[in-house]
Amino acid sequence: MAPNYESTRADGIATLLTGISGLLKSEKFTDLEVRLGDRVWNVHKSIVCARSEFFVKACNGEFREGKEGIVELHDDEPDVIDKMFHYMYNNEYDDADTETVPVLFNVRIVAAAEKYFVDHLALLAVSKLDYYVEDSWATRPFADGIEETYTTTADTDRQLRDAFLEVVDRHADELFDKDSTRYPHFQAMAAKTVSFSMEVAARLAKAEGIRRSRVTYRCPGANCPMVFRSTMKEADTSVVRKCGKCGLDSNYSWDKWQQFRTIFDGTVIETA
Amino acid sequence: MATRGTRKIRPPRRGLNNGEMDFEQTWAILASAFTQIHEKQASKLSYEELYRNAYKIVLKKKGDELYLRVAEFERDWLGSEIQRRIHKELPPQLMNALQGRSSAGSAGDNQVRKQGERFLRQLKLAWEDHQTCMSMLTDVLMYMDRVYCTDTRRPSIFTTAMSLFRDCILRSHVRGDDSWPDICGTLNHVILDQIRMERDGDFIDKHLIKVNVYMLEGLYDSHHEVEEEKLYLTSFEYEFLASSAEFYRALGDRLLKESDAGQYCRETRNRIDEENDRCRSTLSESTTPKIQKVVEDELIRYRMKDLIESESGVRFMITNERHDDLALVFDLEARVDPRKPELTKALQKIILEMGTNLNDAAQVGAAAEVPEDKAKAPADRLVNQQTVAALKWVEDVLELKDKFDAIWKQSFQSDQTIHTAIMRSTAEFINSHPRCAEYMSLFIDDNMKKGIKGKTELEIEVLLDKAIVLLRYVQEKDVFELYYKKHLGKRLLMGRSLSIDVEKQMISRMKMELGNNFTAKLEGMFKDMTLSEELTAGYKGYVARLGDADPRRIDLAINVLTSMTWPVETTNSAPDDARESRLKTIYPPAVERIRQGFENYYKEKYSGRMLDWKGNMGTADVKVTFPKVPSKDGFKERRHELNVSTYAMLILLLFNDLPSGASLSLEEIQARTNIPTNELVRNLQSLAVAPKTRILLKEPMSKDIKDTDKFFFNEGFMSKFLKVKIGIVSAGNRIENDRERVETEKKNNDSRGYAIEAAVVRIMKQRKELSHQQLVTETITQLNSQFKPDVNMIKKRIESLIEREYLERIEDSPSSSYRYLA
């Protein structure tokens, strides 16, 4: 029987990937040395350049790195760099065996992925982070994670920010409790990280708008079944409405309208 | 989850996010590195360090400031150092030379050229350096480009740096002097100067120019990087095209004056190729179609007419068979206009002229009109001359056509437009010859009688093809049919055709070309001939069966011709003979008996048919015994077999009963035979005037035949041959004389009248009502394949149809219209 094309191909790809994974550990044929403090990684230009634009430019030859075959990094956390290289060879990394708690660690992975232009790594890190973020909302690493997100990653990175903001939304009443001793780390961070606080405020304001637009009133006319939706605010002194069914003209303040408020049951007929 | 709580919690890394970053300090690191990069001292620099510093600035939201500082850095660098290096290569001497070209002696020219090249080299260097440096800076500033520029929609720093090169270098003025063109303008001048030198046959450094062009192609007029705003297009290309137009205009003038048309074409083609090469090797391929158009405009489009009409132009090429040159002319004009209007026009004019010359020559050949009833012999000679001229005309036309066919195939790539033009002009001059249809028919006649003798089947095939091709051109197909019928009729009746097979082939070709209608009557003629053979044989058998085997019986070979099919009248008589021809010819009893016998036989076979005997068209073999005269073999009778026309036979038979020495006058002969006067005169001329066949003697002996002339049997007739053929004067097919032609025309007009009426009735029957204009148009369309109807004739026919109540005028119609009356 002829070999199955698809499975043969898949086998080939698997062999290739296994081979590449083995390369990092064995340190065979390496042609680039990456240093960070006292840590050293011996890697392959062909692999790291395929995954990172930063290494492409660094190895290009015009600068010192290209001539010496050594890239010296600064300011980074060795564990993060280690996982980054691991990812380059394996398309995967483990966040459970690091000293830093995963919520924070994965934020740092995102920052490194952006700094060194490692494609797809940031997305992987966000998806890992998503797993821990809900359970850690009350912890200090949660607050630290947010702070680092807003100071070390690009504003354009929405996925990472949204992962945190959705959790903050759900626990906003507690996190922003008037008693500042309950979540001191969070509140200190919020006070300092203005761009974060602005985004929280914007989301709350938007949610309020949506809530209000869901409020429904019934027609003041006797026995009129008409129900309508309104976004009227407490400050409104005169809200005019002509009923499309009984033709009644009503003009009341927000206060007065509240006695006609009904529970929205999905049978809204009009919007005013 | 619980296990994770036991982990050590690290505080945020203070070094990066909270640590203060001093912008000026960081920028100083970058700026110093950038200087080293521009000075080509980059090999000691660490990419990581530079990248990290730029990264930090952007992360600290200072991307905007970084961006501006880099741009400022580049502006400074280009505006001082690089500008100085380039301006240095533009000494006043070069600038002057580029402006007013006047001072350029050849030595000065060479110096200017060297200076220009140095300028180009310096600019090339500056551009290449700028590219290299900026690509390194872009690498360092990668994070700024990706994060800051994308977020704020600024152009990449590379793009900005390229515009800076344009502003600080290309738009700068040497020594700040606005009265000179800026560097960009100067660059144009230098490049155009180099191209001028190359066009004049010099060698130039193409690569050097190409690099500079490449620079112009990489830069834009404004910061919107749109295709149409490439500096190459906005600054250089326009000037290049304008100066090229000027160059080729002058070249065109010179070439027209100094070269012949063939050279002109070759030079033009070379120039076009050269410009294409130049675009590829020196400029930009995007310019290829544009410069091609310039060269085509200046050397072809605006010049084609002058070129074609020049002394060494198309006429010269055709006369001298310069097929390659003609191909060049064709090729050139085809480039600028697929319809090739000038070449087409010229060809048509030339063909028309050559054709008109042929027509005129034929006219001269046939110049002397045939004088009516003058001395016959010279008149005949004239007629023969004219016939020869007619045949020559057809052959010349064929030759002309072959010549242009050959040119068309060899030089004009069998182009359809040209073909149509050649066809049209050929048709025009052929039809402008009033007797073309007659000549064509004569040509075929001549070939059927003589031409195909000894020719192979293939040669005959070619000949037939030629005849058909010519026929295609003849507009008045009906006139041709008339002549063809007449000529064919004579060939068949007198057995003059060399091959009935070839005749039939000709007919089947005509059938394919012109349709069944055209050949129906011609085919009828062949059918009659076959039927007549059967009749003759049948009659012979019939006579034999009667048992009346009289050895002195006259043998009869008969041709029964369907009167509508055969052109009997034309061969018969002129109008003034109408009265006479109604008289019945009197046959002597011996002949009359046979005539009756056949008529009986025929009527038995086909009852109800009328036979009308045509004495003028038959021939008879007559055995004549002449009295004894002394000869070298002794004293004996002489017998001769005379082949004469039927009428001549009747005349001779009269002398059978006459005592020796008696005579008959013309009037007597006529009274006893009823032969029409003109036929009688003709036959008597053959019998009594023509020197070699003088069977009768005439008194007085003169060439003219008069009513009172007396005729005697020539007992002393002598001939070396046993068989003597007494030809009737002008029996063969030859050109018509004027009188005959008038009649042919009249006949043709009559038949056209019928054809027009038939067409009008056909159209009206279908359309019921129609305006005059439409009716005329449709009639012309319907009849076009036969002939080109005359509008006046159509009007007359319509009038006549109205009179006969086939049509009526529609009253109150805004335009005159007709209604069909069923």
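Predicted model: local features only at pLDDT ≥ 70, side-chain atom pairs only at ≥ 80, totals over all residues.
Between chain A and chain B there are ten residue pairs in polar contact, both residues of each pair at pLDDT 80 or more, where a polar contact is a pair of N or O atoms within 3.5 Å and, within protein, one atom must be able to donate a hydrogen and the other to accept it, while residues adjacent in sequence count only if both atoms are side-chain atoms. Residues are numbered from 1 along each chain as its sequence is written, chains are lettered from A and ligands numbered from 1 in the order in which they are written, and side-chain values use heavy atoms, with hydrogens and water left out.

Let me stay with the interface. The count of salt bridges between chain A and chain B is three, a salt bridge being a side-chain nitrogen of Lys or Arg within 4 Å of a carboxyl oxygen of Asp or Glu. One joins the side chains of A:Asp75 and B:Lys56, at 3.9 Å from N to O. On chain A, the side that touches chain B draws at least two residues from each of several elements, among them helix H6 (102-115) and helix H7 (121-133), and its largest share, seven residues, comes from H8(A). Helices (H or I, at least four residues) and strands (E, at least two) are DSSP runs, numbered from the N terminus.

In terms of contact, meaning heavy atoms within 4.5 Å, 46 residues of chain A meet 36 residues of chain B. The two chains bury about 3,600 Å² between them, with 56% of it on carbon and sulfur atoms; buried area here is the accessible area (1.4 Å probe) that two parts lose on being put together, summed over both. Of the area that chain A buries against chain B, A:Phe63, A:Lys115 and A:Phe117 supply 18%, more than any other three residues.

Now to chain B, and to an open sheet of three strands in the order E3-E5-E4, with antiparallel pairing, where two strands pair if DSSP finds at least two bridges between them. Strands E3 (663-665) and E4 (696-699) of chain B stand at the edges with a single partner strand each, so one side of each is left without a neighbour in the sheet. E3(B) is joined to E5(B), residues 710-713, by three bridges, and B:Ser665 stands opposite B:Lys710. Helix H30 of chain B, residues 666-673, lies across E3 and E5 at about 80 degrees to E3(B), whereas helix H31 of chain B, residues 677-689, lies across E4 and E5 at about 100 degrees to E4(B). For these angles, axes are lines fitted to C-alpha atoms, for helices over the stretch in contact, and angles run from 0 to 180 degrees between N-to-C directions.

Another open sheet of chain B has three strands in the order E7-E9-E8, again with antiparallel pairing. Three bridges join E7(B) to E9(B), residues 817-820, and B:Ser771 stands opposite B:Ser817. Helix H33 of chain B, residues 772-783, lies across E7 and E9, running at about 95 degrees to E7(B).
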